[in-house]
Amino acid sequence: MRVSSSSSSSKDIARPPPSSLLKTLFVMSEIEHTLRLPPHLLNRPLNAAIKGELESLFLDKVIDKLGLCVSVYDILSIDGGFIFPGDGASTYTARFRLAMFRPYVGEVISARLKESTKDGLRLSLGFFDDIYVPIPLMPNPYHSEPDPEHKNGIRWVWEYMGENYPIDWMDEIRFRVHSVNYPPIPVEQGNDSEKKDSEEKDSRQKDLKPFVPMVIVGSLDADGLGPIAWWV
Amino acid sequence: MKILQSNAGVLTNCEVLELLKSRGAGKDPTRVIAAVAPSEFKVYDYLEQTVAFKQTIEIIHKFVEDCKKYDLANGEMLNVVNIRPSSAVEIDPIIQDCDSRMGDRIDEFLENVVQVLPPYPSQLESNEDTAEDKEETTDDQQTGVK
């Protein structure tokens, strides 16, 4: 479904909006991909087999600049079916659309609190966990106190008009997307043989921090953002 | 892999939910039989907790029609559909320059939002009714889905 687009601002009435203005939480992307269909799937109807292969290739994976693939929306066309010499499987070129999770900068999203540490907050959507609210983007003014319920956790408290509003582990927190980053895949570096054993272990510990392909930085610093219970 | 169109259309939360429901996400309590992957189930769980759970395509069409006179950007309108703000303070972060662009019409706009878009069951008055409401609404949803 395409929403019929009205002008984005009163200045641009004559010009149709560029597609970059079409934005919301989930977007469709059209992709063409050549894939090999393993022979053990040959007894399945072609559409279902191709769809299954596409799902295992793209589902829950991040495509650079396009976002996180949530679902295969539909398959537009399937071409090919050629068998290359020496290969038992046939190769198809499929055009299809994927539903991508790609929030735009400035969008307001509801999420839940996942972690609250000295660096800020980490929010989660269930299917996507890498949403960070760093300290500069917390509601101003604030202070932090050690959390009595979680060890090593910090609880963040907003001060407004003399009242203290803590950010607790409660229901929904609304944040505004500040930026969406796709860090490049790290290249593995050789071990430094001059380090001592304990230092080597430390550096390996740091290297074990998992690589995150898509990071959203959120802001809570505006009216209406933060836990919904503050505003309702 | 070739990207033909990185932006081939927008999807409201409601449409993604409909897509997953059409594959059988809502009906399968075991979550094994339906043609829906575990990661898609996580998306379904998230969307179920939002107001999109009670929306339909017709409601969204109607809302878009009603909002044309407010001269909102596409993204802002869809954000309102996804979030369903019920007070002015909730609308403020969604619509840029809210005061200067909407001014007095904000109450009218809020009325529109609250009437056209159905609330999430937990936003209803008493807490005792929410359990019964949720059961009724899920029954309605299941009979409504073909």
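Trainee: How far apart are the end C-alpha atoms of residues 1-120 of chain B, and how much of the span is helix and strand?

Mentor: This is a predicted model, and in it those end C-alpha atoms lie 40 Å apart. The span is 52% helix and 8% strand. UniProt, in an unreviewed entry, lists residues 1-120 of chain B as "domain: RNA polymerase Rpb4/RPC9 core".

Trainee: What does UniProt list for residues 32-88 of chain A?

Mentor: That one, also from an unreviewed entry, reads "domain: RNA polymerase Rpb7-like N-terminal". Residues 32-88 of chain A are 23% helix and 44% strand, with end C-alpha atoms 23 Å apart.

Trainee: Why is A:G153 called buried?

Mentor: Buried means under 20% relative accessible area. A:G153 has 13% relative accessibility, so it counts as buried. You'll find A:G153 in the loop between strand 8 (142-146) and strand 9 (154-160) of chain A. Its C-alpha atom is 33 Å from that of A:T24, which is 129 residues away along the chain.

Trainee: What makes a negative surface patch out of A:D223, B:D92, B:D97 and B:D99?

Mentor: Patch residues need over 30% relative accessible area and no salt bridge, and like charges are joined within 9 Å. Asp counts as negative, so A:D223, B:D92, B:D97 and B:D99 form a negative patch.

Definitions and conventions
Residues are numbered from 1 along each chain as its sequence is written. Chains are lettered from A and ligands numbered from 1 in the order in which they are written. This is a predicted model: local features need pLDDT of at least 70, side-chain atom pairs count only at pLDDT 80 or more; totals for chains, interfaces and linings use all residues. Side-chain values use heavy atoms; hydrogens and water are left out. Patches are made of residues with over 30% relative accessible area and no salt bridge: like charges are joined within 9 Å, nonpolar side chains (Val, Leu, Ile, Met, Phe, Trp, Tyr) within 5 Å. Accessible areas come from the Shrake-Rupley method with a 1.4 Å probe; for residues, only the protein chains shown count as cover. A salt bridge is a side-chain nitrogen of Lys or Arg within 4 Å of a carboxyl oxygen of Asp or Glu. The place of a charge is taken as NZ of Lys, CZ of Arg, CG of Asp or CD of Glu. UniProt positions are given in the numbering used here, feature names are shortened, and annotations may be inferred rather than shown by experiment. Helices (H or I, at least four residues) and strands (E, at least two) are DSSP runs, numbered from the N terminus. Buried means under 20% relative accessible area, exposed over 50%, partly exposed in between (1.4 Å probe, protein chains only).
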